[in-house]
Every structure is written in C-alpha cells, then in structure tokens.
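The sequence and model are shown here.

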Amino acid sequence: MTIPNWLTLSRILMIPICIFFYYLPFQWSYWGASAVFILAAVTDWLDGYLARKLNQTTPFGAFIDPVADKLIVMAALVMLVEEHNTLWMTLPAIIMVGREIVISALREWMAELGKRASVAVNMIGKYKTTFQMIAIAVLLSQPPGTLLTNIGLIVLQVAAVLTIWSMFVYLKAAWPDLNISKNGR
C-alpha cells in the first residue's frame with residue numbers, strides 16, 4: 001500500500017462522512033458536506049500527482065482511483081437530485097451516471113481487445129470532471145433556491161454538455177472496433 005493508494009481509499013471513506021454532514025439538521029451541514037467533497041476532490045488530484053512524482057503507480061491504484069471518483073460523485077448526485085427535485089438537477093445527473101456506465105463498459109471491452117489506450121482519459125474528460133466537481137461542491141454547499149445554487153446548476157449544465165461531448169469523443173475513438181459492418185456482428 002502506497003501513500004497515493006491510502007489517499008484514494010480515504011476518498012471512499014469520505015463518502016459516508018459527506019452524506020452524514022449533508023443530512024444533519026444544522027444550518028452549517030451543507031457547508032460541511034461541501035468541505036468533505038472538496039477534500040475528496042483534492043485527494044483525487046493529490047493521489048495521482050504523488051503516484052507519478054514518487055513513482056508509486058500500482059495496478060491496485062489504477063483500479064481503485066476511478067472507482068473512488070465515481071462512487072463519491074454518484075453519491076453526491078443522488079443526494080442533490082433528492083434535495084433539488086427539479087429537471088435541471090435530475091437530467092444532468094442522469095446524463096453523468098449514464099455516461100459513466102457507458103464509458104466504463106467501453107473501457108472494459110476495449111481492454112479485452114487490448115486497445116484500452118484508445119479510450120484513455122482526454123482533455124475534454126478532464127474539463128468535464130473539473131466543471132462537475134465545482135458544480136457539485138457549490139450545490140452541496142447551499143440549500144435549493146439560493147443565488148449560489150443557481151450558479152451551481154448553470155455550471156452543472158456546462159458539465160453535462162461536456163459529459164456528452166467527452167462520451168462521443170470516446171465512442172468515436174472506439175468506433176472502428178465497435179463498427180458492426182466491419183466486424184460482421
């Protein structure tokens with residue numbers, strides 16, 4: 001177990017803490033949940049940085065890092081959909097969850113073909129993640145209906161557009177291997 005792997009595991013342990021804070025009956029609970037989510041986002045950046053800097057990349061880390069990312073984002077989106085109960089929250093959440101399922105399946109399938117590198121993370125995916133994390137952190141920090149919440153919802157819409165765009169970039173890269181007429185299936 002390396003320091004980056006411990007940081008990644010700590011991100012998974014932050015999920016119930018974030019949920020706990022979010023549902024506390026105190027005015028500051030939103031800010032507490034947002035702070036935990038931001039800390040998790042920072043550990044996401046930090047574990048990757050340290051793994052490369054300290055030459056501590058591991059197969060376990062390569063597996064668990066994207067799992068931890070998806071778990072905390074999905075948990076936050078579920079809480080936010082429940083709290084906001086609007087199309088402007090629900091539709092982007094469905095797009096984001098759906099994209100993660102599609103891309104995870106695509107990466108697994110491409111790995112079976114020995115072509116995982118053709119669907120490696122790209123810059124649009126990184127922008128999507130940045131906007132997504134900012135939007136979620138902002139939305140967790142406020143009850144529905146505030147100006148900051150409305151700004152968070154706008155940023156979430158941008159993240160949803162980038163989510164769709166990045167999905168199409170990945171699918172386009174994999175299309176030669178997905179093309180039914182080429183493979184005869």
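This is a predicted model: local features need pLDDT of at least 70, side-chain atom pairs count only at pLDDT 80 or more; totals for chains, interfaces and linings use all residues.

## Fold

The chain contains seven helices and zero strands. Its order along the sequence is α-α-α-α-α-α-α.

Counting contacts between residues at least 6 apart in sequence, 74% connect residues at least 24 apart.

## Dimensions

The C-alpha trace spans about 60 × 40 × 20 Å along its principal axes. A compact globule of 185 residues would have a radius of gyration near 16 Å, and the 18 Å of the chain agrees with this.

## Burial and surface

Of the 185 residues, 42% count as buried. The accessible surface of the chain is about 10300 Å², and carbon and sulfur atoms account for 73% of that area.

There are 13 positive and 10 negative side chains in the chain. The centres of these two sets are 11 Å apart.

## Helix α5

Helix α5 covers residues 123–140, 18 residues in total. From its first C-alpha to its last it reaches 26 Å, close to the 26 Å expected at 1.5 Å a residue.

Which residues of α5 are buried? They are Ile124, Gly125, Lys128, Gln132, Met133, Ala135, Ile136, Ala137, Val138, Leu139 and Leu140. An α-helix has 3.6 residues a turn, so residues three or four places apart point the same way. The cover over the buried residues of α5 includes α1 (3–23), α2 (29–53), α3 (59–84), α4 (87–112) and α6 (147–178).

Conventions: Residues are numbered from 1 along each chain as its sequence is written. Side-chain values use heavy atoms; hydrogens and water are left out. Helices (H or I, at least four residues) and strands (E, at least two) are DSSP runs, numbered from the N terminus. The expected span of a helix is 1.5 Å times one less than its number of residues. Buried means under 20% relative accessible area, exposed over 50%, partly exposed in between (1.4 Å probe, protein chains only). Contact means heavy atoms within 4.5 Å. The radius of gyration is taken over C-alpha atoms; the globule rule is 2.2 Å times the number of residues to the power 0.38. Accessible areas come from the Shrake-Rupley method with a 1.4 Å probe; for residues, only the protein chains shown count as cover. Lys and Arg count as positive and Asp and Glu as negative; His and the chain ends are not counted. The place of a charge is taken as NZ of Lys, CZ of Arg, CG of Asp or CD of Glu.
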